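Hello! Here is the structure I promised to pass on to you. Have a look at it first, and then read my notes below.

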Amino acid sequence: MSVHILDTAIQSSQELRSTYAETLGELIAENKKIVALEADLMGAIKTKSVQDAYPNNFVNCGIMEANMVGVASGLSVRGFTPFMHTFGPFATRRCFDQLFLSIGYSKLTLKVIGSDAGVSAAHNGGTHMPFEDLGLARLIPNSTVLEMSDHIMFKDILKQVSSLPGLHYIRMVRKAMDQLYREDSTFEIGKGIVLRDGSDCTIIATGIMLIEAIKARELLASEGISAAVIDMFTIKPIDQKLLIEYAKKTKLLVTAENHNIIGGLGSSVLEALALEQVRVARVGVLDRFGQVGTQDFLQEEYNLTALDIVKAVKENL
Amino acid sequence: MSTFSNEIRLETLKMLKTRGFGHLGGSMSIVDTLAVLYRDIMKIDPSNPSWSERDYLVLSKGHAGPALYATLALKGYFDLSLLQTLNNNGTSLPSHCDRLLTPGIDMTTGSLGQGISSAVGIAKALKIENKPNRVFTIIGDGELDEGQCYEALMFSYHHKLDNLIVFVDENKLQLDGYTVDILDQKNITEKIASFGFHTVKVDGHNEEKIKEAIINAMNTKHVPSCIVLDTVKAKGVKAFEGDIGNHHIRFSKQQEIIIDEVIKQLEEALK
Ligand SMILES: Cc1ncc(C[n+]2csc(CCOP(=O)(O)OP(=O)(O)O)c2C)c(N)n1
Ligand SMILES: [Mg+2]
């Protein structure tokens with residue numbers, strides 16, 4: 001396992017949905033025990049190529065998320081490794097009891113890809129905009145909960161989870177993200193990554209908030225504040241050791257997430273540090289529902305920008 | 001096509017074109033039903049959208065919001081110019097219907113399968129209250145994949161909700177393609193009839209037939225009714241009709257020209 005961090009993030013044109021389709025195809029080519037499930041959103045995640053190439057390992061169930069999870073549990077009973085995709089809210093809220101009992105409680109295997117993380121749902125609006133999916137997924141005992149930082153990580157994680165048992169919830173945006181890691185990076189689930197080091201405060205971020213955290217770090221540097229940035233792509237189990245290290249090393253921790261501050265990254269960090277002497281501020285959605293708009297507009301509307309992180313640092317340092 | 005349905009189609013296309021993308025197919029397939037409901041059937045007061053004596057419409061396939069917004073604007077619930085704000089930042093006309101944002105929208109929908117249950121709940125409430133208001137709900141044929149729809153159907157029959165009319169927009173397509181290829185629903189009309197519903201199938205683009213079916217349904221006592229609408233997805237835009245990719249379109253230059261032409265034709269027809 002080794003992560004190679006790019007000194008400066010690169011604007012990439014590789015959409016994560018294409019990474020999903022490509023990687024899924026490669027995995028199925030090698031392992032016919034993998035079955036990919038869709039609920040009439042194949043078009044949105046571009047997996048038609050996988051269906052065409054491996055019709056026997058691909059099921060577009062129709063619009064029935066709860067039944068899809070149940071079907072996945074049955075596939076798992078027979079030793080298959082099901083991957084399923086739908087939009088984040090439908091991958092968690094719409095089928096929560098099925099995930100909880102038929103997969104989690106029954107100790108079966110399912111890899112859930114929840115797309116359109118938070119405000120990236122943009123014009124699909126409030127009904128389709130998950131600010132709670134990580135929280136829900138986290139509440140299932142023994143689940144592993146991940147949010148993807150770029151397409152390099154996504155590809156590696158997809159490969160890794162394909163041979164792991166249990167329930168993994170993988171949150172992603174469908175479009176391209178800035179590339180943070182070199183192509184040959186491999187990631188350790190459960191280990192946070194110090195993306196940039198610093199000594200005054202630490203910004204702990206996931207997903208689209210990583211690039212905001214890096215921008216915030218630059219803004220803070222220009223004011224003489226040194227900030228570390230940690231990519232906490234595994235929200236559960238969270239890297240408590242790294243958190244404690246930076247709680248000691250820096251004076252303030254700030255979490256930044258494209259999710260309700262209740263239930264997701266911010267909550268996980270607070271829980272992990274409950275017994276430590278540390279100050280933690282949370283940047284994220286303040287217990288609100290989503291709405292339609294461009295992603296830029298929504299990031300401002302829900303306080304998900306570099307400036308919001310800077311503000312949280314300066315108010316609390 | 002009547003004047004009203006032409007107007008709805010025109011306004012729907014104009015708003016989608018302004019925004020540059022949207023759920024064209026499923027909006028266009030329900031226009032004729034909306035025209036009949038809002039012109040001839042529903043007891044409403046556009047100046048008082050929350051009038052408690054009104055009839056209700058729950059657009060369970062909430063992604064077809066644009067067609068309903070156009071209808072509501074034409075009925076005077078709000079100014080036609082508002083239609084041009086579809087999906088703008090801070091808009092009151094979001095891609096999926098929202099009861100808190102838009103005058104005349106009776107229920108928030110967008111997660112398929114949920115609207116029909118809410119409609120059933122409104123119908124049950126009216127029964128408890130002993131009120132004569134009616135409830136109409138429109139669901140998609142793809143939406144029928146959701147098991148919740150069948151729970152709602154069973155509930156409606158058991159509770160004798162004869163104040164409820166369920167429309168199924170059978171346009172034979174869902175997001176990823178033909179419904180028969182993705183999940184074969186077999187015969188929707190027979191299936192829903194077997195739940196105990198008074199069920200008929202009509203040409204969903206023939207307003208006379210739709211109206212007749214609704215009146216018959218309203219006169220049917222003790223059981224809920226279902227009208228299966230035999231429709232063409234994207235009806236009215238020939239180039240997109242029945243096309244597998246017409247669910248949500250982000251218009252290319254060429255497609256914009258197509259839309260412009262249809263807009264021109266509709267404007268001519270309405271002169
Ligand atoms: C629970 C849920 N799952 C998935 C979606 C995404 N989605 C929106 S529309 C659609 C297809 C709907 O097909 P249909 O009901 O036939 O609608 P129509 O053809 O009338 O547009 C899908 C899968 C959703 N909105 N809700
Ligand atoms: Mg349909």
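V119(A) sits in the loop between β5 (110-115) and α7 (133-138) of chain A; helices (H or I, at least four residues) and strands (E, at least two) are DSSP runs, numbered from the N terminus. This is a predicted model, in which local features need pLDDT of at least 70, side-chain atom pairs count only at pLDDT 80 or more, and totals for chains, interfaces and linings use all residues. Residues are numbered from 1 along each chain as its sequence is written, chains are lettered from A and ligands numbered from 1 in the order in which they are written, and side-chain values use heavy atoms, with hydrogens and water left out.

Is V119(A) buried or exposed? V119(A) is buried, because its relative accessibility is 0%; buried means under 20% relative accessible area, exposed over 50%, and partly exposed in between (1.4 Å probe, protein chains only). Its contacts (heavy atoms within 4.5 Å), leaving aside neighbours within four places in sequence, are M129(A), F131(A), I208(A), N258(A), Q295(A), L298(A), Q299(A), Y302(A) and L304(A). Look at L298(A) in particular: V119(A) and L298(A) are 179 residues apart along the chain, yet 6.1 Å separates their C-alpha atoms.

Still in chain A, find helix α10 (residues 240-249), where L242(A), L243(A), I244(A), Y246(A) and A247(A) are buried. What covers these buried residues of α10(A)? The cover includes β9 (193-196), β10 (201-205), β11 (227-231), β13 (252-260) and α11 (265-272) of chain A. In the loop between β12 (234-236) and α10 of chain A you will find P237(A), and the peptide bond from K236(A) to P237(A) is cis, with omega near -5°.

Now for chain B. S225(B) belongs to strand β6 (residues 225-230), and S225(B) counts as buried because its relative accessible area is 1%. Not counting residues up to four places away in sequence, S225(B) touches L164(B), I165(B), V166(B), F197(B), H198(B), A217(B) and T220(B).

Two loop residues of chain B are worth a look for their backbone angles. H222(B), in the loop between α9 (207-218) and β6, has phi near 75°, a positive value in a residue other than glycine. H222(B) is exposed, because its relative accessibility is 57%. K172(B) is in the loop between β4 (164-170) and α7 (179-182) of chain B; phi of K172(B) is near 65°, again positive in a residue other than glycine. K172(B) is partly exposed, because its relative accessibility is 31%.

Next, how do the two chains meet? Chain B puts 28 residues in contact with 22 residues of chain A. Between them the chains bury about 1,800 Å², 50% of it on carbon and sulfur atoms; buried area is the accessible area (1.4 Å probe) that two parts lose on being put together, summed over both. On the chain B side, N89(B), E146(B) and D176(B) lose the most area to chain A, together 29% of what that side buries. How many salt bridges are there between chain B and chain A? The count is one, and the side chains of R94(A) and E146(B) meet in a salt bridge (3.7 Å, N to O); the term stands for a side-chain nitrogen of Lys or Arg within 4 Å of a carboxyl oxygen of Asp or Glu.

On a 1 Å grid over the protein atoms alone, a cavity is a set of points where a 1.4 Å probe fits but cannot get out, and lining residues have an atom within 4 Å of a point. Grid points are joined across faces, edges and corners, and a volume is the space filled by probe spheres set on the points. The whole structure has two cavities of 30 Å³ or more.

- The largest cavity holds about 60 Å³ of space, and its lining is Y38(B), M42(B), I44(B), D45(B), N48(B), P49(B), R54(B), D55(B), Y77(B), G104(B) and D106(B).
- The second largest cavity, with a volume of about 30 Å³, is lined by T92(A), L99(A), V112(A), A137(A), I140(A), L167(A) and Y169(A).

Enjoy exploring!

Technical notes:
1 Å grid on protein atoms, 1.4 Å probe; cavity = no way out; pocket = protein on both sides within 12 Å on 5 of 7 lines; lining within 4 Å.
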